Amino acid sequence: MKQSRKEFLKSAGLAGIGLTGVGALSSCASSQAGPMAGTDSPEELQNGYYKQQFNMSGYAAPALDQVRIGVIGTGNRGRSNTGRFARIEGVEIKALCDLKEQAAQQAIDELKQNGSTHNPEVYAGSEDVWKEMCDRDDIDLVIINTPWHLHAPQAIYAMEKGKHVATEIPAAQTLEDCWMLVETSERTRKHCFQMTNVCYGFFEMVTLNMARAGFFGEVIHGEGAYIHQLISNKFSRSLHQDLWRLRENASRNGNLYPHHGLGTIAQIMEINHGESMDFMVSISSNDFMMRDKAEELAETDSFFEKFTDKTFRGNMNTSIIKTKMGRTIMLQHDVTSPRPYSRIHKVSGTKAMARAYPTPQIGNDYREGWFSESKFREVEEQYTPEITKRVGEMARRMGGHGGMDTMMTWRLIDCLRNGIPLDMNVYDAALWSAIIPMSEWSVANEGRPVSFPDFTSGSWKTNKQGMDIQLEKGGTTRFV
Ligand SMILES: NC(=O)c1ccc[n+]([C@@H]2O[C@H](COP(=O)([O-])OP(=O)(O)OC[C@H]3O[C@@H](n4cnc5c(N)ncnc54)[C@H](O)[C@@H]3O)[C@@H](O)[C@H]2O)c1
């Protein structure tokens with residue numbers, strides 16, 4: 001890396017002022033870089049000290065006919081992502097990397113079982129072996145599928161080494177890392193795409209299209225969530241490497257996974273493209289389940305004794321965001337209690353509303369209730385975007401959370417091959433991830449408000465509309 005973290009923070013004027021999460025933030029209720037120094041001009045107060053070096057919003061990197069890929073992390077998600085990339089025209093899987101040789105080998109075996117002709121080189125066996133893979137000069141795109149704390153360091157290193165990056169969610173865990181991603185992407189002009197697959201959910205994209213067409217009128221409020229009963233998975237000794245997901249829940253308290261509920265709501269509100277997040281508050285319930293589960297398991301398996309003295313994350317976290325234009329967003333995160341799966345995905349405007357869970361519904365008059373099934377289908381069809389018409393059927397067949405994973409994979413590669421801007425950029429990655437440390441701070445401080453940093457340095461005011469669901473350009477890549 002050209003600059004160490006310390007050097008970067010010093011040169012950007014961010015050193016020592018609360019960019020590393022709960023502890024550092026707790027001295028004040030702002031995560032902005034500027035306002036805490038006290039002597040700033042109004043412009044500095046607005047944008048912080050950091051000045052944008054290059055605007056990555058709308059940035060189109062030179063087209064790549066072949067997209068040569070290196071994958072870091074071949075656990076559950078890494079293997080399924082690799083299989084999907086392998087099915088896209090113009091992709092060459094050059095290398096696979098995992099801490100564990102067996103995991104990398106399993107990915108190779110699965111590629112072969114599926115008749116793939118890709119023949120990636122394997123990097124495995126040590127904590128830092130992924131750096132060797134990123135040092136290669138024949139890789140264009142690095143896909144990151146490792147435990148959360150590794151995403152930002154791996155993305156930053158890969159961009160420094162001249163690679164575009166697609167990282168699993170969340171892109172970062174601390175505000176410091178969010179800023180580092182922005183700074184590195186702007187300086188290197190490498191994409192930092194956060195793989196928010198839910199933005200390619202079929203109904204989510206219908207609602208984005210409806211919002212763009214003015215169906216909802218002015219959007220006033222949105223709701224999203226990641227409510228998924230995963231308590232058994234978290235306590236599984238075999239599912240996740242070193243129980244990393246349980247450890248996260250045992251050491252942090254806030255919304256640790258905001259992206260699934262937030263992505264499309266942020267796109268509908270055109271956050272970073274004419275709209276911006278202003279401040280948020282966050283409150284967590286107590287933990288009524290995870291510590292009990294650890295104690296129960298420890299009775300028969302001493303391995304779990306180390307978790308019996310932990311203060312686990314509150315089971316339900318609720319956060320509320322206010323935007324600069326006066327809209328509100330409610331986000332929830334609960335991965336333990338016995339509730340049906342829900343991303344809520346509620347969009348409420350001056351003329352109509354829609355929600356995705358428990359079943360997709362649209363309505364525009366309280367006296368009539370939700371639309372009848374036939375009217376719903378009619379509206380759904382009318383607002384089905386071009387991207388779904390073009391590849392939706394194939395995506396459904398190939399699957400991956402009902403097809404949205406395939407849709408995202410195809411679209412990412414198609415953008416890179418056609419040299420067009422990506423649907424999500426480093427500012428989305430930084431902002432959506434910033435909610436994690438900011439919610440932790442608010443939870444630790446009785447739900448006090450905390451201001452969002454402006455990762456776009458003010459360019460949100462003029463950035464053009466985001467995700468291209470109508471495929472105005474591109475759309476030429478096939479499946480193989
Ligand atoms: N978007 C989605 O719908 C979705 C779904 C599942 C998982 N995910 C995300 O995917 C990521 C991976 O989750 P998972 O369920 O596959 O976890 P996992 O534990 O199954 O896999 C993680 C892999 O990373 C490897 N690893 C750990 N340290 C490493 C290092 N230093 N170098 C190289 N490899 C290393 C592990 O050995 C393991 O194989 C997470 O960020 C998770 O949030 C996203």
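**Helix packing, ligand shell and sheet**

The crossing of α4 and α5 is right-handed, meaning that the near helix is turned clockwise from the far one by less than a right angle. The model is a predicted one, in which local features need pLDDT of at least 70, side-chain atom pairs count only at pLDDT 80 or more, and totals for chains, interfaces and linings use all residues. Residue numbers start from 1 along each chain as its sequence is written. Helices (H or I, at least four residues) and strands (E, at least two) are DSSP runs, numbered from the N terminus.

Helix α4 packs against helix α5 (residues 101-113) at an angle of about 35°, and their axes are 10 Å apart. Axes here are lines fitted to C-alpha atoms over the stretch in contact, with angles from 0 to 180 degrees between N-to-C directions. Gly78, Arg79, Thr82 and Gly83 of α4 meet Gln106, Ala107, Glu110 and Leu111 of α5, where contact requires C-beta atoms, placed from the backbone, within 7 Å.

The ligand is surrounded by 25 residues, the closest being Gly73, Gly75, Arg77, Glu168 and Gln241; the criterion is a C-beta atom, placed from the backbone, within 6 Å.

Elsewhere, an open sheet of mixed pairing is formed by eight strands in the order β13-β12-β11-β7-β10-β9-β8-β14, with pairing taken as at least two DSSP bridges between strands. Strands β7 (residues 219-227) and β11 (residues 346-349) are antiparallel partners joined over four bridges, and Val219 faces Gly349 in β11.

Conventions:
Two residues are in contact if their C-beta atoms, placed from the backbone, lie within 7 Å.
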